[in-house]
Amino acid sequence: MNPAALTRIMRSCTGKVQRNLLRFVWNGRQAVGAFERRLQRKQPFFPAFLMLSITNQCNLRCRGCWVTQSTPPQQLSLAQLQGIISTAEKYSSRFFGILGGEPLFHPQLFTLFENNPQAYFLLFSNGTHLDQACAEKLAALGNVTPLISIEGLENESRRRRGRDDVFAQSLAGLRQAVQAGLFTGVSASINKHNFAELISREYLDFLIDQGVHYLWYYIYRPCGKDPDVQCALDEDEIFRLRQFLVEQRTSARILLIDAYWDAQGQALCPGTTGISHHIAPNGALEFCPVVQFCGGKLNANASNLEELLQDNQYLADMRSFTAQLGRSCVLLESPRELEEFLRSKQAEDSSGRDGWTELAGLQPLPSHGSRQRQLPEKSLCYRLAKKFYFFGFGAYG
Ligand code: SF4
């Protein structure tokens, strides 16, 4: 790792933001260690991290989005969110991904952050509503890192977002976050259209010039009512993404994140390992955000969260079923087997659309686990980070 990736954080983030970030690094390791011990000792299951889609409200209608918007919007109540966080605290799980829709539209979002200074929140946002006041409030709290989705430069952003102004608005939100001294990230789900422009050193340098501290790469998953299948990556493109990550991590002045490969370059599915699961705006407890089926939903104050995770067999069966299929993304590579499994479990369609018809319409596609040559991390720092934070947890035997 290029030390400049860290010194940039020390020079540009506020003291409070840096202290919270260090506590997250420590608590994150505690959460992973506690999760690992629960698995080894066959103690009641609880993931190390939870991804919470707190609202389905959004100001955009992007191609390939898996969220079903509604009027009035569906959202997790503050009582449910507080119930989730208090329950997770019992399992040393203090890191939460906050997704939407656009989470900044949730009326109690800042109350949630204020009420939980011990927790750390990864705020997935399109950045269009991250103005100066919002950024300064987040910096004053210190326990939130904004992750702004930039799905391509101008043209690709227009194609994906369906509007001309989103790229500029997301960049403006990004700059507000940086100026406020926040630990600021950018995310992108890589597809055929944005591959060349976003998998490049020029793009990393562009983000560094904007003051961005980390970049989280996702592989595009065709799903939702408008899956845009033809822009999914092929095996060669997925391998080149992996090569780029491994190479650039040795020298880039920005942190590069993925949730697909371990230190040896073996593919992982976060859902299969159980390190994280997802809660939808309608309270559905799902394997992951894009597999929109569930075994049950939260009650009004989330007091049934442990029961859904420990007594309800759906997620446990889903983890062992996907582990048997191999180190890959079940939604991309095995939609037929997935459909058969979900029907056999009488899983509930929690998409808010006709999820069964959508699933039946998906064809197998390559994922980060398909016949890929294994590329171990070259950077010692990333090898250690993966070794202590992101590995198989014995899910694959
Ligand atoms: S099933 Fe696919 S999208 Fe879901 S967590 Fe696993 S790899 Fe990710």
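**Exercise 1.** Determine how many bridges join S1 to strand S8, and in which sense the two strands run.

*Solution.* Strand S8 (residues 276–279) runs parallel to S1, and four bridges join them; strands are DSSP runs (E, at least two residues), helices being H or I runs of at least four, numbered from the N terminus, and two strands pair if DSSP finds at least two bridges between them. Within this pairing, Leu52 stands opposite Ile279 in S8. The model is a predicted one, in which local features need pLDDT of at least 70 and side-chain atom pairs count only at pLDDT 80 or more, whereas totals for chains, interfaces and linings use all residues. Residues are numbered from 1 along each chain as its sequence is written, and side-chain values use heavy atoms, with hydrogens and water left out.

**Exercise 2.** Identify the sense in which S1 pairs with strand S2, and the handedness of the β-α-β unit that contains both.

*Solution.* First, S1 and S2 (residues 95–99) pair in the parallel sense over five bridges, with Leu99 as the bridge partner of Ser53. Next, S1, helix H3 (residues 78–89) and S2 form a right-handed β-α-β unit, meaning that, with the strands pointing away from the viewer, the path from the first strand over the helix to the second runs clockwise.

**Exercise 3.** Is S1 largely enclosed or exposed?

*Solution.* Phe49, Met51 and Ser53 point one way from S1, while Leu50 and Leu52 point the other way, and all are buried (under 20% relative accessible area, with exposed over 50% and partly exposed in between, for a 1.4 Å probe and protein chains only). Because five of the five residues of S1 (residues 49–53) are buried, the strand is largely enclosed by the rest of the structure.
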